[in-house]
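Have a look at the sequence and the fold, and then we'll walk through some of the details.

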Amino acid sequence: MTRTSGGDYPVDEVAQAWLIKMRGEDAGALRGEFEAWLLASAEHGEAYVRAQRRMSALSVLKTSRRHGASHAEARRGHVRGWLPWGAAATAMALLILAFGAVGASLPGQPGTASIARAAEPLVTQRGEIRTFRLADGSSATLDTDSRLDVEFGNGARMIRLIKGRVRLSVARQNGPLHIAAGRGTATANDAEIDLSVDEAGTVTVALRRGEADLRTDMNIGPATALSAGQALTYRRDGKLQHAGAPDPDIPTSWPEGWAEYHSIRLDQLVAEANRYAVRPIIIDDSSIAALDVSGRFHISQSERFAERIARLFGLRVEREADAIHLRRR
């Protein structure tokens, strides 16, 4: 069973985030919060030690001449405690997060203000939509069940969408933001861009504002310039979606929990809504599943969504332990 740290985040992930954060530029400012987190539970300390050992195993510090002695000591297993402030400073100039800023979360209630704590990873749980502010002034809104890895350092800005969907408002800096997903990477500066990765590893990139370049297939070959309003999709193997495939579509209002379609099969719309659902919606009749539907739907609120669909098509809603079933009357 995955343990959590004062919320829904696994304690080991929080410990790993603290480990990296406390080797960044904001370590001094965050020390009090870090110590409070450590003292809150014995499990926090144990998780932090595990994170230290994993980092040592990865030999991240071996490349640091300045701190080679500290690393060698850690490699021998002499973990000296939870607070290796100065001695374990590292050449790994990672700033995974720079929260301390805006958050918008709560299942089914996107836009509700909350404060993201400094060590929370850029992860959202099922049903959660949340906005994070990054160290460079950019913001990242993560859709339900998403994960975004962020690495800033030495003037470089790099993020990778591991799963789910993100809307990035990219702040202008001297260099572009590199946005990796699957085998491709987009670069953008002073732009707004949506990215999504589905379960098949298919990536959709939609530029909403500004300019961006996209390279697929491990950045081999020329870049494709994207213009505002344009979207492209590439597969797990890095190949662009073939001509004639349906146009890639990312609902524009997803950060507010809404989706709008001119024409979509009902089972596809329900599948989209189920991305947010703790208790999924199931259509028991294949003929109902094939119905065509259009309109604007608040898909992040499963109960209300199911009721609206039922009214629209004259269906019956039956709530059972495993799911919300849509059936004929």
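Let's start with a pair of strands: β17 and strand β18 (residues 324-328) run antiparallel and are joined by 5 bridges. In that pairing, R319 stands opposite I324 in β18. Keep in mind throughout that this is a predicted model.

The two strands belong to an open sheet of 3 strands with mixed pairing, in the order β15-β18-β17. Which strands stand at the edges? They are β15 (281-283) and β17 (315-319), and each has a single partner strand, so one side of each is left without a neighbour in the sheet. From one strand to the next, the twist averages 30°. A helix joins the picture too: α7 (residues 302-313) packs on the sheet and touches β15, β17 and β18. The direction of α7 makes about 150° with that of β17.

Now step back to the whole chain. The protein chain has 7 helices and 18 strands, and 46% of its 329 residues count as buried. Its accessible surface comes to about 16,300 Å², with 50% of that belonging to carbon and sulfur atoms. Among contacts with a separation of 6 or more, 49% are between residues 24 or more positions apart.

Buried here means under 20% relative accessible area.

β10 also pairs with other strands. As a bit of background, strands of a sheet pair through backbone hydrogen bonds, either parallel or antiparallel. Strand β9 (residues 191-197) runs antiparallel to β10, with 6 bridges joining the two, and I193 stands opposite L207 in β10. The hairpin of β9 and β10 has 5 residues between the strands, and G201 takes a positive phi near 85° there. β10 also pairs in the antiparallel sense with strand β13 (residues 231-234), over 4 bridges. In that case T204 stands opposite T233 in β13.

Most residues other than glycine have a negative phi, which makes the next two worth a look.

| Residue | Phi | Loop | Relative accessible area |
|---|---|---|---|
| D190 | about 55° | between β8 (184-188) and β9 | 30% |

Finally, the rings. How many aromatic pairs does a search of the whole structure find? It finds 1: F297 and F305, arranged edge-to-face, at 6.1 Å centre to centre and with 80° between the planes. Both F297 and F305 are buried.

Two arginines also lie over ring faces. R275 lies over the face of Y276, 5.5 Å from the ring centre. R296 lies over the face of W258, at 4.4 Å from the ring centre.

Notes. Residues are numbered from 1 along each chain as its sequence is written. This is a predicted model: local features need pLDDT of at least 70, side-chain atom pairs count only at pLDDT 80 or more; totals for chains, interfaces and linings use all residues. Side-chain values use heavy atoms; hydrogens and water are left out. Buried means under 20% relative accessible area, exposed over 50%, partly exposed in between (1.4 Å probe, protein chains only). Contact means heavy atoms within 4.5 Å. Accessible areas come from the Shrake-Rupley method with a 1.4 Å probe; for residues, only the protein chains shown count as cover. Rings of Phe, Tyr and Trp (its six-membered ring) pair if their centres lie within 6.5 Å; planes under 30 degrees apart count as stacked, over 60 as edge-to-face and the rest as tilted. A charge sits over a ring if NZ of Lys or CZ of Arg is within 6 Å of the ring centre and within 35 degrees of the ring normal. Two strands pair if DSSP finds at least two bridges between them. Axes are lines fitted to C-alpha atoms, for helices over the stretch in contact, and angles run from 0 to 180 degrees between N-to-C directions.
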